[in-house]
Amino acid sequence: MTETTLVLGPGALGRLLVAYLGQPYLEQQNRIELVGRKASSCPISLVTPEGETLSCLVPRIIANQAPWKPALVHLTTKAYAAEQALAELATHIDPATPLVLWQNGFQVQEPLTRRWQGPVLCATTTEGAYTQGEDIVVHAGLGHTFIGHLGGAYPDLADSVAKMLGRAGLSAESCTDIRQRLWHKLVVNAAINPLVARYRIRNGQLRDRPFRPMVTGIIDELSLIMEAESIAPPKQGWAAMVWKVIEGTANNRASMLQDVLAGRPTEADAILGPLREAARRHDIVAPRLDALWDNSP
Ligand SMILES: NC(=O)c1ccc[n+]([C@@H]2O[C@H](COP(=O)([O-])OP(=O)(O)OC[C@H]3O[C@@H](n4cnc5c(N)ncnc54)[C@H](OP(=O)(O)O)[C@@H]3O)[C@@H](O)[C@H]2O)c1
């Protein structure tokens, strides 16, 4: 029997997932529906990294049109909208439905893993996508996705979700250390995003004065917090990890800066909140993180 996978949150990442997962050759095994605040009969247009435009006709529904027993829900809202969006869908689907959380930061992952009745997996991805208008998604950069449960449970489910993404053309693998991967990404995001958003600069400008010592000071505080949280550092160390990302994305405007420039809310809470909370728990003084928080967009 064909099962239905729901993608909740029809923004950049949500459209990217349905555009790949909803290709006709995959539809026999799995039907995809995109859940948003508005239903629509317009197809999603995917602009591939090669510049080709593909049209993808997936049902675009609202929460109360969802099937009661979807095989899985990919939650692809911003972190600050995740709980509300899921609460709206939750009354219309089986509470045991497996979830995959795609949010940046570490704000929603633990509470939803604790509270949701079904299995909850977390994903962290380096895919890059942005929207144009109501129906277009531009796949700006190919990336890789890791999927796993915070406690390492449900390895078969994580494997089958990763394989499904892989069959659809999105590089993905399951892992048993997603908690560590999420914290590592959080360190990178906390060292880069609030600064570039506050000073409205491209990532590469962090290499220069007066920003370089700011980044170094923030990494020092983050290293202490990670040690207290027993999160193992990357092989190359925290500083090298952060500077490598800055180097590799020197020309980019980080998503938080793009949100600020577009007058949208940012994910500063989901990034700085869990780190400041961890600092408080371990009695670590983190004045630089506090300052980022006080001035966060
Ligand atoms: N885009 C990327 O390349 C990328 C890469 C890595 C990670 N991420 C992470 O993925 C998450 C999603 O990012 P994004 O770029 O896809 O954000 P986005 O473009 O802003 O999309 C979020 C979508 O969620 C929808 N939404 C919000 N509340 C909803 C509700 N109650 N019911 C239904 N839909 C709702 C929004 O609809 P409205 O417009 O109606 O509010 C919007 O379409 C973020 O945590 C981001 O950090 C994104």
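D177 and R181 form a salt bridge, with their closest N and O atoms 2.9 Å apart. The term salt bridge here means a side-chain nitrogen of Lys or Arg within 4 Å of a carboxyl oxygen of Asp or Glu. D177 is partly exposed, at a relative accessible area of 28%. R181 is partly exposed as well, at 29%. The classes are set by relative accessible area: buried is under 20%, exposed is over 50%, and partly exposed is in between, with a 1.4 Å probe and protein chains only.

The model is predicted: local features need pLDDT of at least 70, side-chain atom pairs count only at pLDDT 80 or more, and totals for chains, interfaces and linings use all residues. Residues are numbered from 1 along each chain as its sequence is written, and side-chain values use heavy atoms, with hydrogens and water left out.

Next, take the pair E247 and R207. Their side chains meet in a salt bridge, 2.7 Å from N to O. This pair links distant parts of the chain, 40 residues apart: E247 sits in helix α8 (residues 238-248), and R207 in the loop between α6 (178-199) and α7 (211-228). Helices (H or I, at least four residues) and strands (E, at least two) are DSSP runs, numbered from the N terminus. E247 is partly exposed, with a relative accessible area of 48%. R207 is partly exposed at 29%.

L206 lies in that loop between α6 and α7 too. How much relative accessible area does L206 have? The value is 0%, so L206 counts as buried. Its C-alpha atom is separated by 7.9 Å from that of I192, 14 residues apart along the chain.

Now turn to D259 and K78. A salt bridge joins their side chains at 3.7 Å, N to O. The two residues are 181 apart and link distant parts of the chain: D259 belongs to helix α9 (residues 255-261), K78 to the loop between β6 (72-75) and α3. K78 is partly exposed, at 31%.

The loop between β6 and α3 also holds T76. T76 is buried, with a relative accessible area of 8%. A polar atom of the T76 side chain lies 2.7 Å from the backbone oxygen of G9.

Some salt bridges join up. E229, E277, R280 and R281 are linked in a network of them.

The ligand is next. Which residues come nearest to it? Of the 23 residues around the ligand, they are L13, R37, N104, A129 and E267. A residue is near a molecule if one of its heavy atoms lies within 4 Å of it. By type, this shell divides into nine nonpolar, nine polar and five charged residues. Ala, Val, Leu, Ile, Met, Phe, Trp, Tyr, Cys and Pro count as nonpolar, Asp, Glu, Lys and Arg as charged, and the others, Gly among them, as polar.

Where does the shell come from in the fold? α1 (12-21), α3 (79-90) and β9 (128-132) each supply at least two of its residues. The largest share, four residues, comes from α3.

Look at the oxygen atoms of the ligand. One is 3.0 Å from a polar backbone atom of G11. An oxygen atom is 2.9 Å from an N or O atom in the side chain of N104. A backbone N or O atom of A129 lies 2.8 Å from an oxygen atom of the ligand. On its own, the ligand has 890 Å² of accessible area, and the protein covers 78% of that. These areas come from the Shrake-Rupley method with a 1.4 Å probe; for residues, only the protein chains shown count as cover.

Last, the cysteines. A disulfide is a covalent bond between the sulfur atoms of two cysteines. The cut-off used here is a pair of cysteine sulfur atoms within 2.5 Å. How many disulfides does a search of the whole structure find? The search finds zero. C42 counts as partly exposed, at 34% relative accessibility, whereas C56 counts as buried, at 7%.

Methods
Polar contact = N/O pair within 3.5 Å; in protein donor to acceptor, adjacent residues only side chain to side chain.
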